[in-house]
Amino acid sequence: MTQIRGLGYLKVQTRHIDRWREFALDGLGFAEGSGPDPDGLYLRMDERRSRLRLLPGDSDRVLAVGWEVRDQYALAAVREAVEKSGTAVTELSPKEAAERDAEGAIAFTDPGGTPVEVFWGPVLDHSPVRTGFAQKFVTGGMGMGHVVLPTPKFAETTAFYAEVLGFLPRGSMKVGGGGVKVRFMGVNQRHHSLAICPAPFDGDPGLVHLMVEVDTLDAVGIALDTVTRRGFSISSTLGRHTNDKMVSFYVRAPGGWDVEYGCEGLLVDEAHYTAEEITKDSYWGHDWSGSEPLAAFTPPKKG
């Protein structure tokens, strides 16, 4: 049984903070939140002060994937499990936890090199959430959404999340040749909060995509029209996935990774669910033919 309740936040560094502001606020309708860095961009989806946190820097990379647990006792259990696996854990100071809008938090690195934080006691903002399209983001007990992480250490990373952190297998899909698969993993009713994707390279940006879900198809359509009109690159057309049933499109975020923006995601009933292998990504749509190469699959530039 996992102690992890859901994806709490994603913290990334970017060279394109101004373009991100247009992309997220004007293009996708996130609400602007608040945070400790006056130069950062903090994006709000619900009563959390921010869910997506963007800080300016000289490269585009993941700074932390933040997973939420119920309380301090659950956090202690996660820490014990991670340390028993042989992975070093850092307890964040009260100041560092407060900067993350949490009462307590720990940090470590997964086998694929992704910086991970686990926290409890999120600080809430009870002021109205003023999204750009009057849409509501689907969060609550299902967390912020899902992340897809690339790694050349696929087996070790998958085992870590399943056997150490207790993520539940939620199916797979073969990619390429040789029986290589993407593994989908869940911790709540959202079909997957995490997917592990085989990748040929280590390093930045450390992300394939972030998925966020909204409450109506109209909001998805408005966002698609808006980012297209503003000149952002559409990685995939609108379509419906076969595993989580999400109706979504993918758009290239500043920094070389995608945001999936969708609605109507499947709610998993764990009493009856079995992990399945899908043989097709989507029932319809999701045409990737015009997609630019993802940074995670582009060979790193030689010094």
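In what order do the 10 strands of the open sheet lie? The order is β17-β10-β11-β12-β9-β13-β16-β15-β14-β18, and the pairing is mixed. The model is predicted. The protein has 5 helices and 18 strands. Its radius of gyration is 18 Å, close to the 19 Å that the globule rule gives for 303 residues, so the protein is as compact as a globular protein of that length.

**Overall dimensions and packing**

- Along the principal axes, the C-alpha atoms of the protein fill a box of roughly 50 × 50 × 50 Å.
- Buried residues make up 54% of the 303 residues of the protein.
- Of the contacts between residues at least 6 apart in sequence, 68% join residues at least 24 apart.

**The open sheet and its edges**

- The edges of the sheet are β17 (277–278) and β18 (282–285); each has a single partner strand, so one side of each is left without a neighbour in the sheet.
- Strand β10, which spans residues 168–174, runs parallel to β17, and 2 bridges join the two strands.
- Met173 has Ile278 in β17 as its bridge partner.

**Helices across the sheet**

- Helix α5, residues 217–229, lies across β14 (234–241), β15 (247–252) and β16 (258–263).
- The angle between α5 and β15 is about 20°.

**Nonpolar cores**

- The largest nonpolar core holds 62 residues. Leu10, Leu28, Trp67, Val118, Tyr161 and Tyr261 have the most contacts inside this core.
- Another core, of 9 residues, lies apart from the largest one; among its members are Met173, Phe184, Val208 and Leu294.
- Beyond residues up to four places away in sequence, Leu10 touches Arg51, Leu52, Arg53, Val62, Ala64, Val65, Met144, Leu207, Leu210 and Trp257.

**Asp258 in strand β16**

- Asp258 lies in strand β16, one of the strands that helix α5 lies across.
- Is Asp258 buried or exposed? Its relative accessibility is 1%, so Asp258 counts as buried.
- The side chain of Asp258 makes a polar contact with the side chain of Ser235, at 2.8 Å.
- Leaving aside neighbours within four places in sequence, Asp258 is in contact with Val208, His209, Leu210, Ser235, Tyr250, Val251, Arg252, Ala253, Trp288 and Leu294.
- Gly143 and Asp258 are 115 residues apart in sequence, and their C-alpha atoms are 19 Å apart in space.

**Thr2 before strand β1**

- Thr2 is found in the segment before β1 (4–14).
- With a relative accessible area of 13%, under the 20% cut-off, Thr2 is buried.
- The side chain of Thr2 reaches the backbone nitrogen of Ile4 at 3.0 Å.
- A polar atom of the Thr2 side chain also lies 2.7 Å from the backbone oxygen of Leu165.
- Not counting residues up to four places away in sequence, Thr2 touches Leu165, Gly166, Phe167 and Val187.

Notes. Residues are numbered from 1 along each chain as its sequence is written. This is a predicted model: local features need pLDDT of at least 70, side-chain atom pairs count only at pLDDT 80 or more; totals for chains, interfaces and linings use all residues. Side-chain values use heavy atoms; hydrogens and water are left out. Two strands pair if DSSP finds at least two bridges between them. Helices (H or I, at least four residues) and strands (E, at least two) are DSSP runs, numbered from the N terminus. Contact means heavy atoms within 4.5 Å. Axes are lines fitted to C-alpha atoms, for helices over the stretch in contact, and angles run from 0 to 180 degrees between N-to-C directions. A nonpolar core is a set of buried Ala, Val, Leu, Ile, Met, Phe, Trp, Tyr and Cys residues joined through side-chain atoms within 4.5 Å. Buried means under 20% relative accessible area, exposed over 50%, partly exposed in between (1.4 Å probe, protein chains only). A polar contact is a pair of N or O atoms within 3.5 Å; within protein, one must be able to donate a hydrogen and the other to accept it, and residues adjacent in sequence count only if both atoms are side-chain atoms. The radius of gyration is taken over C-alpha atoms; the globule rule is 2.2 Å times the number of residues to the power 0.38.
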